[in-house]
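I record what I looked up and what I found.

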Amino acid sequence: MRRKGWIGIMLLALWAACGLDPVWAGVPTEKVKETTDKILAIVGDPALKDPAQAIQRRERIRKAVDEMCDWEEMSRRSLGRHWAKRNEQERKEFVHFFGQLLERTYIDKVEGYSGEKVNYIGERVDGDYAEVDVKIVTKENTEIPVLYKLRTRDQRWWVYDIVIEGVSLVNNYRTQFSDIMAKSSFEGLLKKLKEKTAE
Amino acid sequence: MRRFNIEFTVGLFVIAGILCLAYLSIKLGGMELIGSKGYDVYALFSNSGGLKQGSSIVIAGVEVGRIRSVDLDDYQARIVMNLNEDVKIQEDAIAAIKTKGLIGEKFIEITPGASEKIIPPGGKIRETLPPVDFEQLLSKYVFGKVE
């Protein structure tokens with residue numbers, strides 16, 4: 001009887017350890033801050049400033065972003081209702097090229113970094129979802145509000161959308177992709193993505 | 001007898017006129033008399049941008065419902081939307097407050113998501129976007145450049 005009680009307690013402890021407790025998953029703000037600090041360190045690294053190091057710099061930024069962003073979730077949400085009709089291979093291809101497009105579009109911007117300050121305003125956690133409020137203060141003292149949207153997967157927080165000045169990345173691509181899908185097809189969309197990333 | 005007939009007819013016309021007026025005001029005002037059809041979902045916005053009860057909710061530009069109420073909830077705008085019964089909203093759909101034209105009236109646009117989970121009646125649209133404040137954006141570009 002006593003042994004049974006012990007097994008019960010151990011099972012309970014195991015269940016508590018494996019449960020998706022937000023504390024266990026790590027605080028969302030820390031997740032965003034960790035990656036942002038990493039990127040700022042890479043961008044500010046004088047050894048990587050040399051144009052010959054550009055590729056290496058890009059790779060390192062991409063790696064840091066990879067640790068924060070859930071590319072598949074971002075792609076799924078951006079493609080919207082068309083996602084369900086695609087097979088495994090098509091989805092993989094789409095995630096790959098969409099990731100590359102974002103990399104091309106946004107890393108250029110990150111590389112233009114010139115001493116902007118990043119302030120963490122607050123966070124809201126609601127079950128498996130969280131929002132982190134950030135304000136970027138430029139050198140001219142203009143504040144740019146950025147909102148990171150995160151959710152838990154594999155007991156970690158992952159960013160699935162970024163809202164800058166009230167404009168959502170996912171919603172922006174969702175409307176554009178659905179426009180393209182309405183005019184042509186999924187193959188047409190993939191072709192466009194490939195062209196964009198090859199530029 | 002004849003006099004009674006004329007008065008009776010005039011009365012009928014007056015009543016018919018009043019009924020027409022009542023019908024028009026209900027239809028144009030977007031009011032519903034006996035409850036309303038469809039189902040309700042709600043969403044929290046950081047800013048409602050002056051959205052009003054009765055404003056329209058659209059998907060791909062097609063009206064699929066109307067705003068039932070706009071209230072303050074923990075310093076956020078809690079907006080209850082009444083949607084047509086046949087409209088299904090995915091769990092990751094995005095509700096964005098938009099403006100008709102540059103300074104026109106506000107409405108909510110829903111872009112359908114990829115999730116297989118459908119928001120049940122009384123459920124919450126998690127993904128929301130407040131209206132873009134053009135005035136604020138403009139002033140940032142105007143005054144932000146002062147060096």
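Which residues does A:Leu169 touch, not counting residues up to four places away in sequence? I found A:Asp161 and A:Ile162, where contact requires C-beta atoms, placed from the backbone, within 7 Å.

I noted the conventions next. The model is predicted: local features need pLDDT of at least 70, side-chain atom pairs count only at pLDDT 80 or more, and totals for chains, interfaces and linings use all residues. Residues are numbered from 1 along each chain as its sequence is written, while chains are lettered from A and ligands numbered from 1 in the order in which they are written.

Entry: A:Leu169. I placed A:Leu169 in helix H7 of chain A, residues 169-183. Helices (H or I, at least four residues) and strands (E, at least two) are DSSP runs, numbered from the N terminus. I counted A:Leu169 as buried because 20 other C-beta atoms lie within 10 Å. The scale is: buried at 20 or more other C-beta atoms within 10 Å of the residue's own, exposed at 12 or fewer, partly exposed in between, with C-beta atoms placed from the backbone. I also looked up the C-alpha separation between A:Leu169 and A:Glu199, which are 30 residues apart along the chain, and found 21 Å.

Entry: chain A. I listed eight helices and five strands, in the sequence pattern α-α-α-α-α-α-β-β-β-β-β-α-α. Of the 199 residues in chain A, 24% are buried. Among contacts between residues at least 6 apart in sequence, 52% join residues at least 24 apart.

Entry: the sheet in chain B. I traced an open sheet of seven strands with mixed pairing, in the order E1-E4-E3-E2-E6-E5-E7; two strands pair if DSSP finds at least two bridges between them. Strands E1 (39-45) and E7 (127-129) of chain B stand at the edges with a single partner strand each, so one side of each has no neighbour in the sheet. The twist averages 30° from one strand to the next. E1(B) pairs with strand E4 of chain B (residues 76-83) in the antiparallel sense over seven bridges. I saw B:Asp40 opposite B:Asn82 in E4(B).

Entry: the interface. I found 17 residues of chain B in contact with 19 residues of chain A. On the chain B side, strand E5 (94-99) and helix H2 (134-143) are the elements that give two or more residues.

How values were computed. Contact = placed C-beta atoms within 7 Å. Axes fitted to C-alpha atoms, helices over the stretch in contact; angles between N-to-C directions.
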